[in-house]
Amino acid sequence: MSRSPLTAIKAFWQTRIKKRPLVLSHAINSRCNMKCSFCEHWKQNGPEMTLQEITQLLDEAKDFGIMIYNAWTAEPLLRKDLPQILQHARGLGITTFLITNGLLLEKRAKELKDLDYLSISVDGINHYEEIRGVDFKTKILPGIIEAKRYMKNPILMNCVLSGRNLDDIEELIRLAAELKVTIAFEPMYEFPGIADNVWENIGVRDIEKYHRTVDMIIKMKKEGYPIINSYKYMKMVRDMNTDFRCHAGELILNVTADGTVEHCRVQTEALGNVKEGLRRVWESSREKRERTSLNCHQCLFFGYVENSLLYDMDLEVMRHYKWM
């Protein structure tokens, strides 16, 4: 989405004046072609909205003033009708985002040539297979290269910092520069419901090494490497500092594969269903969303933190957060 003054004014009017969400974040299906040990989404495999239901949702989102459609989880590229969904959103004038694990990207990259923003989850290079079960260089990298061939719009590699990939980070940043794509970092969030031995294996336990790695990321950003995160956010990541006011519940409308509306990725208690109407669910859940935000400072997902800091007019973040 352009950082033009007109776009900024529209976003301000939508979020600050009308008190409505800017982003429709849609878990577009419940299937995945990876079975990562730290993720619960691939286990769901439940009902999904039809193409007609999704286009109706997008029509309603447009009428509600939503400016961004983010298609993600479990794995969007498993939906054969994904191009029609994205085309419908773009036809409405909605900016389109896609988050993918990249396993099908080489095969389907041409279909994404008009996508506004593409984000690929890349949690390392040499240790990627330990984390996600497939080889990065043969299964994921070719898809990123193919996407570069077709897409004129920005491509992001998003890396979750864990206890298994800290040795890969410098090489990964240099790869991003070589590929002429951007890169973002965020710390691993240890979701409840995952076996303790998983977090013991993959979670950050060597804190000193973790601090050194994040300091290196900050240094490489200062050197001009294409790291989109703000300095303030990266320092929060380094220090595991969650002292910020989360506005995710004000900025983002989260919809699951079956149409359930949730507060966010962490606070997943149902607020309603899209069949009730976006406006009705949004208005009826206002007090609950405000209460949840005030009582929750549990995650450091960059999409939540950076955009919450932008909402609060943090000057450093406005200057150095480069994704949008």
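A salt bridge is a side-chain nitrogen of Lys or Arg within 4 Å of a carboxyl oxygen of Asp or Glu. The model shown is predicted, so local features need pLDDT of at least 70 and side-chain atom pairs count only at pLDDT 80 or more, while totals for chains, interfaces and linings use all residues. Residues are numbered from 1 along each chain as its sequence is written, and side-chain values use heavy atoms, with hydrogens and water left out.

**View 1. A salt bridge joins Glu130 and Arg164.** The N to O distance of this pair is 2.7 Å. Glu130 belongs to helix H5 (residues 128-132) and Arg164 to the loop between strand E5 (155-161) and helix H8 (169-179), so the contact ties together parts that are 34 residues apart in sequence. Helices (H or I, at least four residues) and strands (E, at least two) are DSSP runs, numbered from the N terminus. Glu130 is partly exposed, with a relative accessible area of 44%, and Arg164 is partly exposed at 31%. Here buried means under 20% relative accessible area, exposed over 50%, and partly exposed in between (1.4 Å probe, protein chains only).

**View 2. Arg108 and Glu111 form a salt bridge.** Their closest N and O atoms are 2.8 Å apart. Arg108 counts as buried, at 9% relative accessibility, whereas Glu111 counts as partly exposed, at 38%. The structure holds 19 salt bridges. Another salt bridge joins Lys219 and Glu223 at 2.5 Å, N to O. Arg31, Glu48, Arg79 and Asp81 are linked in a network of such bridges.

**View 3. The rings of Tyr128 and Phe136 make an aromatic pair.** Rings of Phe, Tyr and Trp (its six-membered ring) pair if their centres lie within 6.5 Å; planes under 30 degrees apart count as stacked, over 60 as edge-to-face and the rest as tilted. By this rule there are 7 aromatic pairs. For Tyr128 and Phe136 the centres are 5.7 Å apart and the planes at 50°, so the pair is tilted. Both residues are buried.

**View 4. Tyr189, Phe191, Phe301 and Tyr304 form one aromatic cluster.** The ring centres of Tyr189 and Phe191 lie 4.6 Å apart with their planes at 80°, so this pair is edge-to-face. Tyr189 is buried, with a relative accessible area of 15%, and Phe191 is partly exposed at 24%. Arg265 lies over the face of Phe301, at 3.8 Å from the ring centre. A charge sits over a ring if NZ of Lys or CZ of Arg is within 6 Å of the ring centre and within 35 degrees of the ring normal. Arg289 lies over the face of Trp282, at 3.6 Å from the ring centre.

**View 5. Phe12, Trp13, Ile17, Met313, Leu315 and Met318 make a nonpolar surface patch.** Its area is about 630 Å², taken from the Shrake-Rupley method with a 1.4 Å probe; for residues, only the protein chains shown count as cover. Patches are made of residues with over 30% relative accessible area and no salt bridge: like charges are joined within 9 Å, nonpolar side chains (Val, Leu, Ile, Met, Phe, Trp, Tyr) within 5 Å. Helix H1 (5-17) and helix H16 (315-320) are the elements that give two or more residues to the patch. The largest share, 3 residues, comes from H1. Met313 is placed in the loop between helix H15 (302-311) and H16.
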